[in-house]
Amino acid sequence: MSMALVYAQISDQEVLRDYKAVLEPGANLAGPAAEELKSGALTEEAVDWLKTNFFKTELELGHCLRLPQEGPCECDLYLTCAKFVTTTAYAPRLRARRRVEQTLATDAAAHGWDREVERHNCTAKRIEKLLTDLDQLLESTDDTTTEDRLDLST
């Protein structure tokens, strides 16, 4: 199937831009599912499902590429899920989440909660790896405009 046909069926320009950022050849991706996408290992059925449901796959920091036949995702640990993928469009959210995790780790340390410190530091490190894999800065002052575009509350 031609990728041009896929693009033609997505009318919202923001969704189209995100779709291309994930499924376009040569896309700058990070996450466990990135290699599967880059290698073209997705079946035509999987691409058809993603084409139809791409907007619904969005998570806070990227997209879940788990297909319906794989059943529901059993975990909230999507940062390490084999079906998770993210793009540079999510860098502002990734950076914001990293800051939250660092703040929570500091608070947990002040309370002497060693396991919570470990958990929050682990999440922050995973986010740092995603940002690094995307060739993004760990800190940036330019996050507001992209963050506003990704706001799902409206």
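**Close-up views of a predicted model**

**View 1. The sheet.** Three strands form an open sheet in the order β1-β3-β2, with antiparallel pairing. Strands here are DSSP runs of E of at least two residues, helices are runs of H or I of at least four residues, and both are numbered from the N terminus. Two strands pair if DSSP finds at least two bridges between them. β1 (29–30) and β2 (63–64) stand at the edges with a single partner strand each, so one side of each has no neighbour in the sheet. Two bridges join β1 to β3 (residues 84–87) in the antiparallel sense. The bridge partner of L29 in β3 is T87.

The model is predicted: local features need pLDDT of at least 70, side-chain atom pairs count only at pLDDT 80 or more, and totals for chains, interfaces and linings use all residues. Residues are numbered from 1 along each chain as its sequence is written, and side-chain values use heavy atoms, with hydrogens and water left out.

**View 2. Confidence along the chain.** pLDDT is the predictor's confidence in each residue, from 0 to 100. The chain has a mean pLDDT of 76, and 77% of its residues reach 70 or more. Where pLDDT is low, the predicted coordinates should not be read in detail.

View 3. R98 is placed in helix α5 (residues 91–111). R98 counts as buried at 8% relative accessibility (buried is under 20% relative accessible area, exposed over 50%, partly exposed in between, with a 1.4 Å probe and protein chains only). Leaving aside residues up to four places away in sequence, R98 touches A124, I127, E128, L138 and E139; contact means heavy atoms within 4.5 Å. E128 and R98 form a salt bridge, with the closest N and O atoms 2.9 Å apart. E128 lies in helix α6 (residues 114–133) and R98 in α5, so the pair ties together parts 30 residues apart in sequence. A salt bridge is a side-chain nitrogen of Lys or Arg within 4 Å of a carboxyl oxygen of Asp or Glu. A network of salt bridges links R98, R99, K125, E128 and E139.

View 4. R97 forms a salt bridge with E101, the closest N and O atoms being 2.9 Å apart. Both residues lie in α5, four residues apart, about one turn of the helix. R97 is partly exposed at 22% relative accessibility, whereas E101 is buried at 5%.
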